[in-house]
Amino acid sequence: MTEPLISVKDLTLRFRTDEGLITAVEDVSFDIAPGEILGLVGESGSGKSVTAKSLMLLNPDNAVYDPKSSITLNIDDKAIDVFSMTNPKDRLAIRGGAISMIFQEPMASFAPAITVGSQMVEQLLIHSNMNSAKAKEISIEMLARVGIPDPAQRFGQYAFEFSGGMRQRAMVAMALSTKPKLLIADEPTTALDVTIQAQVIDLMKDLVSEFHMAILFITHDLGVIAQTADKVAVMYLGKLIETGTVREVLRNPRHPYTQGLMNALPKLDDLDTPLIAIEGDIPSPLDRPSGCVFNTRCPVSLGVECETRVPVYTAGEGEHQVACLLAEKEEKGAQA
Amino acid sequence: MSETLISTKDLSVHYPLRGTLFGPKPVVRAIEKVSVDIQKGSFFGLVGESGSGKTTFGRALLRAAPITNGTATYSDGEVIYDLPSLNGEDLKEYRKRAQLIFQDPYAALSPRMTVRDIIAEPLEVMGLTSSREETDERVRTIAAKCRINLEHLRRFPHAFSGGQRQRISIARALVSEPQFIVADECVAALDVSIQADVLNLLKSIQMDMGLTFLFISHDLSVVAHTCDHVAVMYLGRLVETAPTRELFASPRHPYTKALLSAIPSLDPDDHGNAQKLEGEIPSPTNPPPGCKFQTRCPHAIDICRKEEPKLDKLGLQHDVACHRWQELAV
Amino acid sequence: MTDTASIDINVDQKSKEAYFTASQGQLIWSRFKKQKAAMVGAAILVWLILSGIFAGFLTPYDPTIAGRDKTYQNGSPEIPRFWDENGFSARPFIYSYERERSMKTNFRWVTTVNKDARRYVVFFPKGDKYKLFGMSFDRHVFGVDEGKIHLFGTDATGKDIFSRTFHSINTSLAVGTIGVLIAFVLALIIGGVSGYYGGWIDSILQMVTDAVRTIPAIPLFMAIAAFIPDTVSSEGRFFIISIILGFIGWPTLARRVRTHLLTERNQEYVLAAQLCGAPARHIIGRHLLPSFTSYIIVDLIISFPYMVLSETALSFIGLGLKEPVNSLGVMLQNVTKADVLLNYQWNFIPVIFFITLVLAFVFVGDGLRDAADPYADTKK
């Protein structure tokens with residue numbers, strides 16, 4: 001068993017707002033090994049982006065981390081406690097250095113008045129001690145690597161001169177040019193058309209095997225996860241409710257929420273089965289249910305028990321873990 | 001065969017661009033010669049990527065985008081309207097019969113009005129009710145149909161989540177009891193668990209009220225589950241149209257095939273057949289000559305680069321615009 | 001990392017429903033209430049405005065030469081007190097004084113306080129006539145039984161500075177209000193037409209706006225001041241100054257109105273209303289105007305202190321209002337003399353009121369802007 005690249009333990013994060021303290025993430029723990037793609041799935045408001053931003057301490061000032069939360073980075077046989085880094089210089093080594101991030105909307109990630117090339121060079125100069133000629137060479141190389149034709153010419157252009165797919169490729173090139181150990185991809189394909197999405201997914205998979213880096217892939221699309229990730233973590237209202245390898249979770253979902261998501265998803269190979277919606281709406285963060293967070297919408301809720309008791313993780317086959325009282329009961333029944 | 005509610009023939013929408021001082025003004029051909037028949041009581045799907053002109057087409061049918069050429073007729077058994085020439089009282093009357101559901105449930109609801117006022121606005125503007133009590137009654141009826149909690153009617157939109165807002169948006173579109181609804185990407189902004197709920201709601205309302213939907217979406221799997229008939233658009237042109245099952249079972253146009261194979265499968269071991277498209281959709285200001293898809297088509301030959309293909313009939317309702325569909329089918 | 005004290009996040013159902021049914025105005029108010037500086041500013045502002053409006057009632061004397069105290073010129077402030085070495089009095093009192101000017105005093109008036117002769121403060125006495133809401137009154141909040149009381153002292157001609165200050169606030173606010181209203185009406189019409197119609201109308205109106213913005217204010221004021229004949233009454237001068245301020249102030253507001261209209265009319269809910277066949281009247285009245293009233297109010301309040309400042313600046317350099325009109329600018333002009341600076345410092349008291357007024361406006365404006373802008377707290 002190799003040491004995980006990043007290890008998140010009991011991450012709990014609340015936001016101080018006008019309406020009170022809002023829990024965004026609660027007791028989230030996961031590891032990512034080098035070269036591994038972890039898919040973090042969840043709907044809007046599930047806390048998946050907030051979780052990712054915590055890894056780089058990028059959350060806004062009104063975020064309050066619980067003292068028991070810990071994030072450990074293992075780089076070059078050194079364990080770094082992310083929360084203990086108060087020095088902005090140390091943080092810089094993480095932000096854009098060991099960890100890079102790509103976003104849903106690439107247009108918003110490039111400064112409009114600076115060429116794509118000089119932004120890439122600037123980033124390289126900050127994070128390494130190469131000279132600018134070398135940085136330019138590497139940047140052009142990266143642009144070529146992500147499949148941008150005419151990279152030398154594109155280097156001198158502005159983001160608005162790129163098409164949507166090209167921008168996302170350039171974003172990937174920029175994020176990877178510093179050779180990060182971990183890439184956080186926050187909904188990188190959501191704003192793209194399906195045909196372009198397929199291209200970007202292929203590109204990212206190629207790059208992982210080439211650079212041997214880890215990816216935290218955030219998306220709401222289970223199909224994209226199935227095609228990219230090794231492991232999956234399903235999030236609902238700030239909690240990880242099911243984790244495991246892609247095959248374990250998608251072929252044999254055990255949490256009623258994961259099952260509900262699979263049933264609600266329109267599938268092309270089965271047009272006859274009607275879509276089964278998950279009843280009700282996602283509760284507002286102000287209205288966080290007690291007990292199991294999913295109990296307000298759960299079709300197989302046990303009633304009072306689910307409303308009061310927070311389920312613990314029940315291990316299944318392999319790495320499969322699920323936080324559900326039903327699974328707990330089954331497990332006990334099997335043991336008895 | 002049921003009757004046709006909306007019928008277009010060679011419908012075109014061109015937008016003039018700010019041109020140079022001399023020479024002809026360049027135009028963007030957002031929609032070029034699109035002919036479709038939408039059957040009454042059907043769920044007609046319109047599929048395409050961004051820039052394909054699907055939104056413009058929907059808006060043109062609602063007279064929210066200017067029709068440059070071609071004909072479009074609305075006929076619901078009571079009235080027949082020639083859409084391009086519609087104005088004055090007839091246009092007002094048509095607005096009662098044709099409504100739009102927006103993609104973004106956050107932008108489409110005025111933040112300064114209560115839910116009741118939002119839903120009631122069409123009734124008040126169109127003068128469909130004579131008293132406040134009557135308006136309230138109709139608002140309550142339609143709200144109940146769209147599963148909006150009646151106690152929530154006095155709330156403001158900021159109190160609601162995306163799914164609830166979309167139901168409000170739907171209630172508003174339906175309150176004037178229209179015949180024809182354009183649903184423009186109306187589930188694209190919603191979460192998966194909510195999306196199924198809104199789709200099922202639309203379906204049940206359609207059955208209930210006998211409505212006709214033009215369902216615009218970029219998501220083929222959603223369209224497959226909702227629509228009876230699908231039209232695929234690329235760069236303002238119709239490339240293929242067929243009943244849903246036929247289209248998904250035997251797509252003929254290379255673009256339709258590519259779209260289908262690009263949808264990521266839920267099975268981690270099924271990577272789809274290697275039909276991945278290269279490149280991106282060209283800009284509508286500068287479309288390629290010949291077949292618009294030739295720049296990305298893996299099967300393009302000389303004729304594709306010179307001549308624009310016409311829609312060929314290959315079945316009763318299955319049309320395809322490709323020079324080589326017969327060869328490729330083999 | 002900071003504390004994570006388990007603050008109860010389970011908001012009471014009732015207050016939540018109140019939040020859900022809160023209109024935009026209520027939401028802005030609830031956000032505004034949380035800002036201490038703005039709330040303090042608002043309280044001070046309300047107090048200043050009320051005291052400006054009821055200046056005639058709150059102050060004991062007529063602020064013009066008619067109400068001057070011939071026996072107490074350049075007199076120092078008289079503070080009412082309850083006790084001194086001669087014992088306690090339930091009624092506040094001030095001392096009498098004797099004034100002398102002779103060879104001995106270098107021909108200056110010298111005031112000697114007579115601590116043994118008390119003059120008692122009385123409430124609601126009859127005094128100088130003043131007008132309030134068009135009606136004539138002669139009751140004042142306070143006065144003294146004998147002679148006159150001057151809380152802030154008197155100026156060179158013996159006018160009561162306390163009375164003058166409150167009347168000045170009134171005048172300055174009135175000039176500001178008229179100026180802002182003129183600017184606002186112009187801005188609404190020009191910005192509204194520009195934003196709603198767009199196209200070449202917009203281009204031409206924007207050129208006009210830019211042209212007006214480039215006119216330098218001070219030379220223009222000087223030219224107009226030279227143009228106003230001396231025969232114009234002080235009221236006439238007052239209106240001319242207000243109108244000039246309005247005509248100078250509109251372009252910034254007009255630009256804001258136009259920008260709001262341009263962004264707002266492309267909102268989807270506006271299209272939704274259009275698709276119902278709503279006429280332009282309905283769209284402007286029901287959607288466009290309400291969408292930016294909150295911003296316009298903020299703009300008005302923020303531009304108000306600039307109006308007051310401009311009036312003050314004009315009067316200060318002698319181009320605006322002149323004696324005997326009382327405005328903050330006129331009061332400020334009084335304190336430029338070295339004599340005042342050295343010997344009669346109480347003339348500076350109106351300056352404190354002036355600074356407070358402008359700061360209160362700025363704080364309230366800032367607070368309102370933050371409250372009306374939901375994105376303000378994300379970028380800090």
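Reader: So is the crossing of α2(C) and α13(C) left-handed or right-handed?
Author: The crossing of α2(C) and α13(C) is right-handed, meaning that the near helix is turned clockwise from the far one by less than a right angle. This is a predicted model, where local features need pLDDT of at least 70, side-chain atom pairs count only at pLDDT 80 or more, and totals for chains, interfaces and linings use all residues. Residues are numbered from 1 along each chain as its sequence is written, with chains lettered from A and ligands numbered from 1 in the order in which they are written.

Reader: OK, and at what angle do the axes of α2 and α13 of chain C cross?
Author: Roughly 125°, with the axes of α2 (residues 24-33) and α13 (residues 349-372) of chain C coming within 8 Å. That makes α2(C) oblique to α13(C), since angles under 35 degrees count as roughly parallel, over 145 as roughly antiparallel, 65 to 115 as roughly perpendicular and the rest as oblique.

Reader: Which residues make the contact?
Author: Ile28(C), Arg31(C) and Phe32(C) from α2(C), and Gly367(C), Leu368(C), Ala371(C) and Ala372(C) from α13(C). Contact here means C-beta atoms, placed from the backbone, within 7 Å. By class, that is five nonpolar, one polar and one charged residues.

Reader: Staying in chain C, what's buried in α9?
Author: In α9 (residues 268-275) of chain C, Tyr269(C), Val270(C), Ala272(C), Ala273(C) and Leu275(C) are buried, that is, 20 or more other C-beta atoms lie within 10 Å of their own. After α9(C) comes Gly277(C), with a positive phi near 85°.

Reader: Switching to chain A: how many helices and strands?
Author: Chain A has 13 helices and 13 strands. Its radius of gyration, 21 Å, is close to the 20 Å that the globule rule gives for 336 residues, so chain A is as compact as a globular protein of that length. The radius is taken over C-alpha atoms, and the rule is 2.2 Å times the number of residues to the power 0.38.

Reader: How much of chain A is buried?
Author: Buried residues are 47% of the 336.

Key: Axes fitted to C-alpha atoms, helices over the stretch in contact; angles between N-to-C directions. Helix = DSSP H or I, 4+ residues; strand = E, 2+ residues; numbered from the N terminus. Contact = placed C-beta atoms within 7 Å. Nonpolar A, V, L, I, M, F, W, Y, C, P; charged D, E, K, R; others polar. Buried ≥ 20, exposed ≤ 12 C-beta atoms within 10 Å, placed from the backbone.
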